[in-house]
Amino acid sequence: MSIRFFIRKIFRALLTICLIVTFIFVALRLSGDSALLIFGPDADSESLEILREAWGLNKPIWQQYVIYISNVFHGDLGKSYLDGRDAVEVVAERIPKTLSLMWVTAAVTLLIGIPAGIQSALHHNTKRDRVTMTLAVMGLSIPNFFLGVLLILLFSVTWRVLPSAGSDSWKHYIMPVITMATAEAAVFARFTRSAMLEILNQPYIRTAIAKGVPWKKVVREHALPNAAIPIVTIAGFFIGSLIVGGVITENVFAWPGVGRLLVTAVANRDLAVVQVTILLIAVSMVTANLIVDIAYGWLDPRVRDLRSEEL
Amino acid sequence: MTDKLEVELTHSEEKPQENFQIRIHRFFGRYPPIVIIAALWLLFMIFVAVFATLISPYDFTSIDLRTRLQAPVWMEGGDWNHLFGTDDLGRDVLSRLIFSIRMSLLIAFLGTVIGAILGTALGFLAAHFRGWVDDVVMAGIDFQASLPFFIISLTLLAFFGNNLVLFIGLMGIYGWERYARITRGLTLSAITHGYAIAVNTLGATPIRVYLRHILPNISSALIVNMTLNFPGTVILESSLSFLGIGVQPPLTSLGNMLGFGRDYLTTAWWITVFPGVAIFLATLSMSILGDWVRDRLDPTLM
Amino acid sequence: MNKQEGSSVVSLRNQNGLPLLEVTDLHKYFRVRSSGGLFGKKNNLKAVDGVSFSVSRGETLGIVGESGSGKSTIARLLLKIDNPTSGVIKFNGRKLSGLLPVELRKLRQHMQYVFQDPLGALDPRMKIIDQVTEPLIIHNIASKSECHDKAAELLRSIDLKDHTFYRYPHELSGGQRQRVVLARALIMEPQLLVCDEPTSALDVSIQAQVINLLARLRERMGLTMIFISHDLNIVRHICERVSVMYLGKVVEQAQIDLLFNSPAHPYTQALLSAIPIPEPGLNRQRIFLKSDPPSPIDLPSGCRFHTRCHRAKPGCAERIPELKSLKNGQLVACHLAHGEI
């Protein structure tokens, strides 16, 4: 892989993170006096002054920017005003719960979505294909918060078989995972199907069939590996939608993760916690996208060359 | 010069009279039943939204504590006064549903229109000026693509607080980058070769070139994108409202209704289920319609 | 060409001494990035490299060259679709470079362009009649109904039937489309018409029709034309004077008869030798050019043509030959023709 491709990708990723930091800074300053925002309108002027001093709010804007950036890189992002602890700490302790939910969901999504898509493509235009695709469209269209509420209504309220809130046992995972994985699996099924169909229409597949290669072998050795390449491209999108789905699902099921923390912080305008969470999400997404881009270039040399031209 | 087209034209006029069954068959070949149902449902929802004040039986804010949490008419305890039951404050669920549909569709509609105009205009600007304007627009596109928009909206709502105008503006920012990317790409190819240059050499102003020539030519791609974007906007709005950081009371939207009704899930499921079903059916029909439009107008687009 | 018509062209040409179009030392370089390396080296692609010529009123100048010789780039520079790297283009005595956008737009009604690919040049979503009417509307020349009548009249005069007026470009044949493009260019009665390979996208049988139509319209409207082609044979039918281009430079420029009878540059000789002669028995030595043209990014030293020239001598690679006049008025850029080597 060319070094230029690598460097460009990494440079872009860093640039994006800088942009996001700047965006948060601008939004924070535009939103008014941060000191007032943090202490609320009834704060006494003395503590306001202390805070302004501490955050450098009295200095010219470019100095504030420099201070802000340096604070961010030192991991100093302010204190949560809800419980007075370091915002980074508050967010960090929630990460494991969120990750555990996301891993399980990702596994379920891939295990259902990709095989469903492949089956659909292999049985293109049959009843099985149509049923799968109809389910996929429905799965895509049902908002996850409504699905979550429906599941609670059925399994917790009506039949009383599953707990509706918390994260203590494996039973607590079932409904959140279904809630999140439904739409994701639908996306994967649709995408895999179209990627597969495109590959199956390629001349080299038809050649292989014409040569008398057994169908199973054609699929296993020619179609599947090539269809895997485009599927990698939506991995970045997948991570993004897992994060969004996670935020909503954690709130539906009172899951004590980062998503629930974020919404509480937004509702209470706990800005320190909000900015830590956003930075966390941004960095993980940019990193994930970087890995996906590099993996993609590694999987498909054509794309790598084409992309470095285009950039 | 002999004209082939003329010959073909006279042929086509001599088509035999089609019988009714063939015509029906052709109609459904062009418009599958599922597409017709989806379109009818959407029309119905639009009708409900437009005439909300006329068809809703009650004012959606009117409280009647004597009839709190009354069940829908077909259940035990329900009556014809409140078709879909009442909520925790005795407000008529049907009326709230009607006004929620109006609010949600209005926000999604405004958001889609704002996003389309904003994105298309920025795409044109980027393609026209190139240089640093292009760089800025592209950086914006990259930025927006680097974070899920849901997260961006959460941040902005946290920093700026919430009001309806800001909220609608946010929905407009959602998805602008896709219009901008489509417009920029197609415009660039049109103005570096092809008809746009030709019109330019005729002495047309850039505005004429963009609005009279390029816009009609890229409109199908933009319309396809709008149909893909609309359900996304509905879901974004209702998700935020569901979490309590979107549309604020006393106004109501589908997500907002669902979010508040969630607390009464054990006693009054109807408060949450009706708006949920409404969102589901709206996005479902929009997706069906969108897939169909895409296949017809622009099969190359993902 | 008709004698009578010809003389009217001459009188028009002498109307005033000023040439309609004057091009001096025109350069167009494109920045290109060569692949490889960490950031890639930037290079200049010299598409047009020091071209000068002038065109009198009523005259038709042909520009001939292989693909990549810079002839289409010149057309785009003349019409100000692209801006030159350096050099001056004067139209009617006015420099194109200093014009405000408003002035330029106004000037455009006097200079028109006929494109190589008529399908690409027409708006796919607009009816034929509207496309032809559009220039009049842009320049606010006539009322809507007058515009329509004028367009219809022009279209009929170039043999387009009324029923094609309300069609879309993709519904017409190639020849019809090119006539629509012509009509759109001519409806404002421009002074200068630049035709960039107007027939190369057409079938051979239709090429002749379009060329004849062009010749007819030129006489009728007293047009000044620049006709760009890779085909000397077509150029011979319509032009009075020809410039032969090779890799961004003019290598020879002469009246059409002189050029065909006594080509002075080896490149022109090679091009002419490739034209089939319709008389059997008459045999001509075919000159084959060696290899493909060199890359315009990495040009050969000295005379650009020496790498492919059948008469090249060692000195050719050292100095760049100037475009100078021979005794008979023919302009040639070749050391051998001028007896310099």
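## Chain C: burial and overall form

A residue counts as buried if 20 or more other C-beta atoms lie within 10 Å of its own, with C-beta atoms placed from the backbone. By that criterion, buried residues make up 40% of the 341 residues in chain C. The model is predicted, and every value below is computed from it.

Chain C holds 11 helices and 12 strands. Its C-alpha trace spans about 65 × 60 × 40 Å along the principal axes. The radius of gyration of chain C is 21 Å, which agrees with the value near 20 Å that a compact globule of 341 residues would have. Of the contacts in chain C with a separation of 6 or more, 65% are between residues 24 or more positions apart.

## Contact between chains A and B

Chain B contributes 36 residues to this contact and chain A contributes 38 residues. On the side of chain B that touches chain A, the elements giving two or more residues are α6 (131-146), α7 (149-160), α11 (206-242) and α13 (270-297) of chain B. The largest share comes from α7(B), with 9 residues.

In composition, the side of chain B that touches chain A divides into 24 nonpolar, 10 polar and 2 charged residues.

## Contact between chains B and C

Here 23 residues come from chain C and 19 residues from chain B. At least two residues of the side of chain C that touches chain B are supplied by each of α3 (101-107), β6 (111-114), α4 (118-121) and α5 (128-138) of chain C. Helix α5(C) gives the most to that side, with 3 residues.

The side of chain C that touches chain B consists of 9 nonpolar, 5 polar and 9 charged residues.

## Helix α12 of chain A

Helix α12 of chain A covers residues 235-252, 18 residues in total. From its first C-alpha to its last, α12(A) reaches 25 Å, close to the 26 Å expected at 1.5 Å a residue.

The helix is mostly covered, as 15 of the 18 residues of α12(A) are buried. An α-helix has 3.6 residues a turn, so residues three or four places apart point the same way. After α12(A) comes A254(A), which has a positive phi, near 50 degrees.

Notes. Residues numbered from 1 in each chain as written. Chains lettered and ligands numbered in written order. Predicted model: local features only at pLDDT ≥ 70, side-chain atom pairs only at ≥ 80, totals over all residues. Contact = placed C-beta atoms within 7 Å. Helix = DSSP H or I, 4+ residues; strand = E, 2+ residues; numbered from the N terminus. Nonpolar A, V, L, I, M, F, W, Y, C, P; charged D, E, K, R; others polar. Rg over C-alpha atoms; globule rule 2.2 N^0.38 Å. Buried ≥ 20, exposed ≤ 12 C-beta atoms within 10 Å, placed from the backbone. Expected span 1.5 Å × (residues − 1).
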